[in-house]
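I opened the notebook to go through this entry from the DNA side to the protein interface. The structure comes up below.

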Number of protein chains: 2
Amino acid sequence: MKPPGIHDIARTLGVSIGTVDRALHGRPGINPATRARVLKKAEELGYRPNIAARSLKLNRRIRIGVYFPREIASFFDSLRAGVRAAASTSVGLSIDLVFRTFPRLDEGDVELLRADAHESFDGVLVAPGNPLRIGPALRGLVQRGIPVVCVSSDAPRSERLASIAVDSLTSGAIAAELFSRVMQKPGTLATITGELTTLDHAEKLRGFAANLALLAPHLALLPAIESHEQPELAHKQALALLRQAKRPAGIYLSTANSIPVLRALEETKLLGEVQVITTDLFPELVPYIETGKVLATLYQRPFVQGKTALEILLNHLVNGTKPDPVRRLAPHIVLRSNIGLFAREIDTPGEFLI
Amino acid sequence: MKPPGIHDIARTLGVSIGTVDRALHGRPGINPATRARVLKKAEELGYRPNIAARSLKLNRRIRIGVYFPREIASFFDSLRAGVRAAASTSVGLSIDLVFRTFPRLDEGDVELLRADAHESFDGVLVAPGNPLRIGPALRGLVQRGIPVVCVSSDAPRSERLASIAVDSLTSGAIAAELFSRVMQKPGTLATITGELTTLDHAEKLRGFAANLALLAPHLALLPAIESHEQPELAHKQALALLRQAKRPAGIYLSTANSIPVLRALEETKLLGEVQVITTDLFPELVPYIETGKVLATLYQRPFVQGKTALEILLNHLVNGTKPDPVRRLAPHIVLRSNIGLFAREIDTPGEFLI
DNA sequence: ACGGACAACGTGTACGTTACCATAACGTTG
DNA sequence: CAACGTTATGGTAACGTACACGTTGTCCGT
């Protein structure tokens, strides 16, 4: 009653297990007719390779290069934690994670990849900033046979194996719907983003604008402000925005770099006055949500992203599966009523997974 | 540079691998002093057992009994799909899933468990209805050394290994917060639930009532209606509710059994008039959300629940880990703007995981 | 002093797979 | 026709672990 192995195939066919191995793995040195017989019999017996035995025999160490920025730390630290979690729960294969860190999105990433050109990774995880800049470097990796998985944003046309991120269009659309529900009176909305060259950020704003036009035509939209992930700049821009005559009734912060803006709101005594929807979640943000000063935040689930990204990559390396080229997670809508669940998670990152 | 094995421990200590094996696994026939030395050296070398080798040697088939109800099918089919997904991605061990199905929550479950008393499962997954009724049966399993994991609701005091479910208090609290945001004018709210003896259902209503009192004191709450997961009954109750003089301005449906109620709303031409928040997600519900006739639904992520439940159980069986006794998932808040993501998932269950 | 009982420890084998070497049959070449 | 390459195949050693079994050593009663 035990599952059939290559021995069973060999025995019923009267050949040796060496032959069966050659047939099953497309190795040379076997008569095409024999190969066909073996494959047919394998199918017939419902042969599934015993992965424990395989990985025991091969005992290969898998080296994965992980290229994530340092800033915004709250986000990318969780992403790294997720990657580590996936590595530690994988059974029967030993994985070397090589973390490479560059200052921020689209800053130093390409240089780091080029400097590591001699490294022989089995696979690479990367958080791409500007697809145009980083694209060629990724293509280079792929052409050397190294599969690349993009995390948290995408770099299409880079021939990467897969991309895993929160669905940014939806993320923006949710923000728009929430504003449309809460703000009945006409007014204007502002958006502060990171970097419009980053696909993920651009898409959030597209989703926001599109859904706002659909659901809340009474709300006008100011041109997007780019903070380039720099806290000081974001703070200055927010102050300027809030001090102008026609100040916005609501602000959508589509980057995790939201604290400087909230500080600006406090300084101008507009916190609670202006409706705010933020992105991502970290300890400093929690009290704003708990007190209702921030309406909601759209949690991008970095831990889950990191975990699934490595799972996809490993699955490809070990089993040769072709994953869906894009995988889009649903962001969590975090409100006063459910922040308790998430606050617990971000305090003990990696311990449980939401 | 390869990870140390029992051979390495044995060699550096000048003992045999047999002794190391006895020490590491608490087997008899070893001098306590030797055992201590081995354990210390193992720690020192950072010994991690090679799980591939272990499961190759043991080659045990693991039999898991899965006791879920048939109704509500949309929910429990996804739950089963999640369990299957976890089984198929586990590497190096062959798992026999034995699905047992009873008509509905708290109906035939205990009888089925008793009838299977002779079965020798290595572990059991169960969706408990009434903790009082099913508790003794579960305790019986545990005392026979069979670990039990509760899914989708809990049965505390049953000595189950763990329980995984959506955080029901939060689920109810979210519904209350959404109502409080959308309904500015005073009015009354009704709740229709499944079975108040089911812990999960009771907690949702507690969370709802508590948060409603906090955030929306202008909204009054009618006594909860129990539909006992029966579609016809739910339909009749809804009609009665809607035809009474002081009809509610909003309804919170805390059970997946929501379609009969929505039908009643259509028949009384009150759909869109009365604000509705539902629970869970299935194809029939999608158009209601897409058109805004239903404000939101709180998705309980059955697929994820099933997957993690089996993961927890297997992890315990294979590695002997003690999991957190309760694990609470955050429900997804599904609105017009993000239903697209979920609709894709429920159409192709198991293909991707949100 | 001897055998038996028992504790403590060593040895060998099997798990299913892959990698590699050995071998046999056959054709090609000088 | 000897020498050698090619092709298809068989045989076997690992990989690290678990477990049954065999081997020592010690103590004790007679």
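Of the atoms of DNA strand C within 4 Å of the protein, what percentage belong to sugar or phosphate? I looked it up: 61% do, and the rest belong to bases.

I noted the ground rules next. This is a predicted model, where local features need pLDDT of at least 70, side-chain atom pairs count only at pLDDT 80 or more, and totals for chains, interfaces and linings use all residues. Residues are numbered from 1 along each chain as its sequence is written, chains are lettered from A and ligands numbered from 1 in the order in which they are written, and side-chain values use heavy atoms, with hydrogens and water left out.

**Entry: DNA strand C**

I listed the residues near the strand (a heavy atom within 4 Å of it). There are 29, and the closest are A:Ile6, A:His7, A:Lys57, B:Ser16 and B:Thr19. By class I got ten nonpolar, twelve polar and seven charged. Here Ala, Val, Leu, Ile, Met, Phe, Trp, Tyr, Cys and Pro count as nonpolar, Asp, Glu, Lys and Arg as charged, and the others, Gly among them, as polar.

Then I checked single atom pairs. B:Ser16 uses a backbone N or O atom, 2.5 Å from a phosphate oxygen. B:Lys57 has a polar backbone atom 3.4 Å from a base oxygen. The elements giving two or more residues to this surface are H1 (6-13), H2 (17-24) and H4 (51-58) of chain A, with H2 (17-24) and H4 (51-58) of chain B. Helices (H or I, at least four residues) and strands (E, at least two) are DSSP runs, numbered from the N terminus.

**Entry: chain B against chain A**

I counted 44 residues of chain B in contact with 42 of chain A, contact meaning heavy atoms within 4.5 Å. The buried area is about 3,700 Å², with carbon and sulfur atoms giving 61%. That is accessible area (1.4 Å probe) lost by two parts on being put together, summed over both.

How many salt bridges cross the interface of chain B and chain A? I found zero, with the rule asking for a side-chain nitrogen of Lys or Arg within 4 Å of a carboxyl oxygen of Asp or Glu. Five residue pairs are in polar contact, both residues at pLDDT 80 or more. Such a contact is a pair of N or O atoms within 3.5 Å; within protein, one must be able to donate a hydrogen and the other to accept it, and residues adjacent in sequence count only if both atoms are side-chain atoms.
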